[in-house]
Amino acid sequence: MGIVTYNDEDIILDCLKSIYKHTRGIQMEVYLYDNCSQDKTVELVLERYPQVWLIRGRRNRGFGYGHNRILKKVDSNYHVILNPDILFRSNAIHQMAAFMEDHPDVVMAQPKLLNPDGSEQFTPKRAPSFKYMMSGRLQKLPGPFKKWRDEYTMKNEPLVRPTDIYFMAGCFMMARTNVLKEVGGFDTRYFLYNEDVDLTRTMRQKGRCVFVPQVAVVHMWQRGYMKSPKLFRIQLSSMFKYFRKWRGQKYE
C-alpha cells in the first residue's frame, strides 16, 4: 500500500489508525512518500507508526512521482494507491483482493467512496470529455452543467454490481502490481489532477478496471480545486495535458 502526503498532519494519523485496525490478519506493508511537508506529518508518522516505510522527498514533485517512487520498492501481488484522507470501516483491502483473485481479467479495482455521513460520492466513471470535466466546477450555475455532471458520474444509474469504468479516482485504487509496474505507474507529466484518469486509460489497455460497490471506504473529500485558484489552474493545466496526450485515440 502506498500513500503520498503533503502537509497532512491533520489527517494522516486517523488514516493510518483505520488502516491498521481493519487490516489485521493479512500480509501488508504500508509505504509513505512525503512530498517535503512543512508541517509535522513526518514527525508524527515516525513517532506513532514506526512500522511504516517512510520515504522523504527533498521537494514536492507531485502525486504521481511520489507513488512511482513507492512502486519501485513494492514486491506484492496487489498494490493499493491510497490518499491520506481515506478512512476504513471494514477490511476493504481483503475484500478487494478477494474480488481480484476471483476475477483474473481485472487489473485495477475501486470500492464505493462514501462521505463521513454515509452518503455516496459519485466519482467520475464515464469516458472523460472537456464538458464533463468542467461540469464539476460549473454545476451550480444555470445551464446544462448539473445535467452533464450527473451524466459523467452516472448518478442517475445506481451501480449495484461490479461495473467496468473509464475513470478511477486516485484516492483508492487497487492494482495488480506486475501490471502497474509494466505500464510504468503514473505519467509524471501530471503534477496533480488527471493522473488517475490517465492511469485508468492506460491500465484498461491491459485488462478490466472495475468499480466494486459491495466494498466501501470513507473519503474525506476536500475538492481543493473548488476553493483554490492555484489548484484550479493546476487542474486546467492537467486537463489540457490529458487531452493533448490522447488526442485522436479512441477510448476503448
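**Parallel strands and crossover units in a predicted model**

Strand β1, helix α1 (residues 12-21) and strand β2 form a right-handed β-α-β unit. Here a crossover is called right-handed if, with the strands pointing away from the viewer, the path from the first strand over the helix to the second runs clockwise. Helices (H or I, at least four residues) and strands (E, at least two) are DSSP runs, numbered from the N terminus. The model is predicted: local features need pLDDT of at least 70, side-chain atom pairs count only at pLDDT 80 or more, and totals for chains, interfaces and linings use all residues. Residues are numbered from 1 along each chain as its sequence is written, and side-chain values use heavy atoms, with hydrogens and water left out.

Strands β1 (residues 2-5) and β2 run parallel and are joined by four bridges; two strands are taken to pair if DSSP finds at least two bridges between them. Strand β2 also pairs with β3 (residues 53-56), again in the parallel sense and over four bridges. Tyrosine 33 of β2 stands opposite valine 4, and its bridge partner in β3 is isoleucine 55. Within β2 (residues 31-34), Tyr31 and Tyr33 point one way, whereas Leu32 and Asp34 point the other way. All four of these residues are buried, that is, under 20% relative accessible area, with exposed meaning over 50% and partly exposed in between (1.4 Å probe, protein chains only).

The buried residues of α1 are Ile12, Leu13, Cys15, Leu16, Ser18 and Ile19. These residues pack against β1, β2, α2, β4 (78-82) and β5 (86-87), where contact means heavy atoms within 4.5 Å. Histidine 67 lies in helix α3 (residues 63-71) and counts as buried because its relative accessibility is 2%. Residues up to four places away in sequence aside, histidine 67 touches Gly2, Ile3, Val4, Ile81, Leu82 and Phe186.

In total, the chain has nine helices and nine strands. The radius of gyration of the chain is 17 Å, close to the 18 Å that the globule rule gives for 252 residues, so the chain is as compact as a globular protein of that length. This radius is taken over C-alpha atoms, and the rule is 2.2 Å times the number of residues to the power 0.38. The C-alpha trace spans about 50 × 40 × 35 Å along its principal axes. Of the 252 residues in the chain, 53% are buried.
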